[in-house]
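Subject: Structure handover

Hello,

I am passing this structure on to you. Please open it first, then read my notes below.

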Amino acid sequence: MKRSDASPDRLRPFLIIASYPESILTFRGALIRTLLGAGQQVHVAAPGMALEDPIRLSLEGVGVRVHDVPFCRTGRNLFSDLRLVICLYRLMRAIRPAVVLAYTIKPVIYGTFAAWLARVPRRYALVTGLGYAFTGSRSGLLPRLIRVLYRASLARAGKVFFQNPDDRNLLREIGILSADKPTIVLNGSGVDVSEFLEAPIPKGPPVFLMIARLLGDKGVREYAEAARRVRAGRPEIRFGLVGWIDHNPDAITRKELDAWVLDGGVDFYGKLADVRQCIAACSVYVLPSYREGTPRTVLEAMAMGRPIITTDAPGCRETVIDSENGFLVPVRSVDALVEAMLKFIHDPSLCQRMGRRSRELAEEKYDVHKVNAVMLREMDISGVATGREARA
């Protein structure tokens with residue numbers, strides 16, 4: 001049954017639970033602005049949101065109510081996780097949200113469960129990727145525990161959003177997601193094509209770029225090795241790397257990173273708050289990831305008119321029509337990665353043609369306002385204009 005705009009639920013908060021504060025503005029910012037513009041009261045719960053934190057201040061500045069919750073995104077302490085459930089439960093009992101939307105692993109697991117305990121009427125989980133528990137070894141205690149917790153939490157969600165069909169299918173195949181659970185596959189988190197504008201391809205030899213957390217399963221080692229091989233024969237070719245070392249079992253070590261930079265194979269730019277200048281300076285964007293939800297950096301590069309080299313892997317393969325806006329390569333294959341890079345080096349005109357196609361796909365499929373319109377409709381939030389409609 002559809003809820004009217006006059007429903008009491010509309011007067012109650014919409015609570016978003018996140019594990020990584022910077023992702024709130026980057027990935028959910030357009031959604032939050034749309035909700036606020038429609039008069040919805042929006043609350044956000046995330047760790048590391050101290051009173052003077054710039055992200056908190058930015059959110060509060062537009063009218064979001066922010067709650068600092070105590071958990072570590074990569075921690076393995078079950079007592080700390082139990083404390084998180086209690087904290088979220090108490091928060092929900094205090095603010096009485098009508099809707100809870102949780103995304104990334106810990107918020108989905110513990111936020112959805114806490115929302116069920118607190119009797120929040122509408123509970124939604126957004127699976128933005130399956131993470132190390134699914135890309136690494138699945139036989140250890142931690143991956144098994146995550147699967148058990150996932151199964152329990154998703155059973156208590158009213159609807160589950162995915163960013164690619166492979167993640168949904170896998171969770172169903174291994175019994176984590178029931179066959180009758182309502183699900184929706186989104187085109188990633190989307191990208192604001194009015195902020196990430198098409199930029200001209202730089203003149204001269206192709207410049208390659210990768211932006212990612214420095215994790216093994218992002219394909220960083222393959223990228224660095226491909227750069228080394230290409231530069232052995234073509235030393236004028238540059239390879240940029242933007243990112244940071246993450247607290248994760250699969251993280252690249254500082255020693256590895258220093259060796260790549262010292263060798264001259266990779267130009268490391270660290271962590272950037274705004275990646276647009278770096279994307280504008282590159283010719284080809286590369287992400288050799290083992291698995292993604294839908295990689296936001298690829299969407300940003302596509303919006304700015306860059307051809308893409310990425311893997312034929314869940315979440316990545318959706319972004320590239322092979323030989324139209326880039327090339328798909330097998331996971332972990334340095335040889336195939338080098339071969340794809342050499343195509344652009346030998347024929348730089350590919351950058352222009354494929355870059356234009358990337359921009360077209362970004363506008364047609366990945367516009368953040370189109371993605372958010374689907375989410376709002378599926379969460380049965382009526383009377384909310386999205387994107388250009390909201391600004392008209």
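Residues are numbered from 1 along each chain as its sequence is written, and side-chain values use heavy atoms, with hydrogens and water left out.

Confidence. pLDDT is the predictor's confidence in each residue, from 0 to 100. Its mean for the protein is 91. Of the residues, 90% reach 70 or more. Residues 1–6 stay under 50, and the model has eleven contacts for them beyond four places in sequence. The pLDDT is also below 50 over residues 384–392, a stretch with 17 contacts beyond near neighbours in sequence. A contact means heavy atoms within 4.5 Å. Where pLDDT is low, the predicted coordinates should not be read in detail.

Threonine 112. This residue sits in helix 4 (residues 105–117). Helices are DSSP runs of H or I, at least four residues, and strands are runs of E, at least two; both are numbered from the N terminus. Threonine 112 counts as buried because its relative accessibility is 2%. Buried means under 20% relative accessible area, exposed over 50%, and partly exposed in between (1.4 Å probe, protein chains only). The threonine 112 side chain reaches the backbone oxygen of valine 108 at 2.7 Å. Beyond four places in sequence, the contacts of threonine 112 include Ala102, Arg123 and Arg156.

Aromatic rings. Rings of Phe, Tyr and Trp (its six-membered ring) pair if their centres lie within 6.5 Å; planes under 30 degrees apart count as stacked, over 60 as edge-to-face and the rest as tilted. The count comes to six aromatic pairs. One of them joins phenylalanine 113 and tryptophan 116: tilted, 5.5 Å centre to centre, 40° between the planes. Both lie in helix 4, three residues apart. Phenylalanine 113 is partly exposed at 27%, and tryptophan 116 is partly exposed at 36%.

Phenylalanine 208 and phenylalanine 239 are stacked, because their centres are 5.1 Å apart and their planes at 10°. Phenylalanine 208 is in strand 8 (residues 207–213) and phenylalanine 239 in strand 9 (residues 238–244), 31 residues apart. Both are buried. Ring pairs link Phe208, Tyr223 and Phe239 into a cluster.

Best wishes

Methods: This is a predicted model: local features need pLDDT of at least 70, side-chain atom pairs count only at pLDDT 80 or more; totals for chains, interfaces and linings use all residues. A polar contact is a pair of N or O atoms within 3.5 Å; within protein, one must be able to donate a hydrogen and the other to accept it, and residues adjacent in sequence count only if both atoms are side-chain atoms.
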